[in-house]
Amino acid sequence: MRTGPFAAVAVACALLGGIAALGVGKLTGWTDSSSTTTVFRAAPVDQSTGSAATAAVGPAAKPLSGNGFSPSTIYSHRSPGVVTIVSVFGTERAQGSGFVVSPRGYILTSSHVITNAGDGSSVTPADSVFVEFQDRDRVPAKVVGWDIYDDVGLIKVNPADHRLAPVPLGDSAQVKVGQPVAAIGSPFGNVNSLSVGVVSATERSIDSLTSQYSLVDAIQTDAAINHGNSGGPLFDARGRVIGINAQIRSDSGSAEGVGFAVPIDSARRSMTQLIAAGRVSYAYVGIETEDLIPTIAKRLHYPISQGAVVTKVNPNTPGSRAGLKAGTDKQQLLGAPFIAGGDVIVSIADHRVGSAKDVVRVVTEELSPGQSVPITFIRAGRRHRVTVKLAERPASPG
């Protein structure tokens with residue numbers, strides 16, 4: 001969001017005050033014990049174009065040496081590559097953060113920093129975007145593209161306009177709970193500010209601030225993240241970016257120590273597609289699922305102990321055309337709602353599914369719109385297998 005506080009418990013940490021609050025799709029779900037997840041995600045990059053796009057981004061700086069955690073070393077080596085982004089929307093200004101990822105001028109940020117994503121209308125870029133470097137010099141930038149589903153934005157500056165200091169990208173799949181992290185950004189307009197903390201959790205499923213879908217695999221951190229930090233980097237101990245700071249959880253509208261970052265692996269996929277094709281495509285099944293856990297499976301006499309129970313099948317979608325069935329028996333089990341009776345997905349494209357998040361991960365990492373893939377599920381105690389032709393996800397899941 002480019003705005004001040006708004007009611008609900010989710011707050012974007014991007015931008016400074018003075019702008020009226022924009023309506024955001026789903027602002028609930030932060031305390032929901034359900035694990036319902038709508039199936040969507042970015043399609044894998046076509047190898048014929050992915051290599052060219054990867055070459056355009058790398059190589060960047062080398063990881064820092066040593067095994068210790070030195071915030072001052074991270075700051076001195078990486079802060080020149082962190083920028084403040086100023087977006088102009090008509091007569092309004094918005095401010096966020098970003099970081100240089102290529103000597104050719106590519107800069108990663110959050111989509112809600114450089115577009116109107118989240119205000120309820122069709123997504124459009126800012127009228128103009130400017131990048132401010134550590135030395136306070138400011139240059140114009142052009143919007144390359146955006147991905148509202150993972151809240152990733154990509155802009156580009158002319159490398160001749162200012163000396164660039166690209167930062168290296170890490171591997172968010174290797175992030176561990178408890179490891180130290182450092183965030184650099186421009187909270188409340190205080191440019192190039194450093195905060196430190198640890199990874200509080202991984203693989204968090206959170207509501208998107210810029211779409212009607214959920215984001216899985218978010219990194220939770222207790223490093224202080226405030227308005228103006230959105231789009232900035234979350235570094236590991238070796239100075240590699242492991243996430244893009246995107247949200248804070250707050251009941252009051254201020255930071256309370258619970259921040260969330262988009263994993264850099266997801267951002268890298270989005271960025272590569274944006275460079276190669278100017279857009280990001282997502283595979284879509286059109287179902288919602290919830291976790292089947294061993295205790296509930298035993299109580300309801302399922303022949304398996306884990307999987308993803310279908311709770312909703314949207315009409316005229318790949319899931320409905322393949323004949324997947326949703327449950328209708330709403331129960332309260334173990335202190336949480338559970339919808340029984342639906343198909344229990346156990347594999348997609350021959351990848352094991354043990355939870356609702358696994359459904360999303362398989363579609364994210366392995367599948368593309370237009371592909372026909374097998375889905376194996378349990379119905380009435382028997383195993384079934386159907387072929388689903390994936391679509392490209394629509395703006396609205398329903």
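Q: Which strand does F89 lie in?
A: F89 belongs to strand β3, which covers residues 82-89. Keep in mind that we're looking at a predicted model.

Q: Got it. Is F89 buried or exposed?
A: F89 is buried: its relative accessibility is 12%, and the cut-off for buried is under 20%.

Q: And how far apart are the C-alpha atoms of F89 and N116?
A: They are separated by 8.4 Å, while along the chain F89 and N116 are 27 residues apart.

Q: Back to β3 itself: how many of its residues are buried?
A: 8 of the 8, so β3 is largely enclosed by the rest of the structure. Both faces are covered. One side has V82, T84, V86 and V88, and the other has V83, I85, S87 and F89.

Q: Which strands pair with β3, then?
A: β4 pairs with β3 over 8 bridges, in the antiparallel sense. Strand β6 (residues 128-132) is also an antiparallel partner of β3, over 5 bridges. For specific pairs, V88 stands opposite R93 in β4, and V86 has F130 in β6 as its bridge partner.

Q: What about the hairpin of β3 and β4, how many residues are between the strands?
A: There are 2 residues between them, and G90 takes a positive phi near 65 degrees in that hairpin.

Q: Nice. What do those strands build together?
A: A barrel: 6 strands close up in the order β3-β4-β5-β8-β7-β6, with antiparallel pairing. On average, neighbouring strands of this sheet are turned by 40 degrees against each other, direction ignored.

Q: How many bridges join β5 to β8?
A: 4 bridges, between β5 (residues 106-109) and β8 (residues 152-156), and the two run antiparallel. In this pairing L108 stands opposite L154 in β8.

Q: Which strands does helix α4 lie across?
A: Helix α4, residues 264-277, lies across β4, β5, β7 and β8, and runs at about 50 degrees to β8.

Q: Changing topic: how many salt bridges does the structure hold?
A: The structure holds 10. One of them joins R136 and E132, with the closest N and O atoms 2.6 Å apart. R136 is exposed at 53% relative accessible area, whereas E132 is buried at 7%.

Q: Which partner does E203 have, and where do the two residues lie?
A: E203 forms a salt bridge with R361, and their closest N and O atoms are 3.4 Å apart. E203 lies in strand β10 (residues 193-207) and R361 in helix α7 (residues 356-366), so the pair ties together parts that are 158 residues apart in sequence. E203 is partly exposed at 44% relative accessible area, while R361 is buried at 15%.

Q: And R385 with D350, where are they?
A: R385 and D350 meet in a salt bridge too, at 3.1 Å from N to O. R385 is in strand β22 (residues 382-389) and D350 is in the loop between β19 and β20, 35 residues apart. Both R385 and D350 are exposed.

Note on methods. Residues numbered from 1 in each chain as written. Predicted model: local features only at pLDDT ≥ 70, side-chain atom pairs only at ≥ 80, totals over all residues. Heavy atoms only, no water. Buried < 20%, exposed > 50% of the residue type's maximum accessible area, 1.4 Å probe, protein only. Pairing = 2+ DSSP bridges. Axes fitted to C-alpha atoms, helices over the stretch in contact; angles between N-to-C directions. Contact = heavy atoms within 4.5 Å. Salt bridge = Lys/Arg side-chain N within 4 Å of Asp/Glu carboxyl O.
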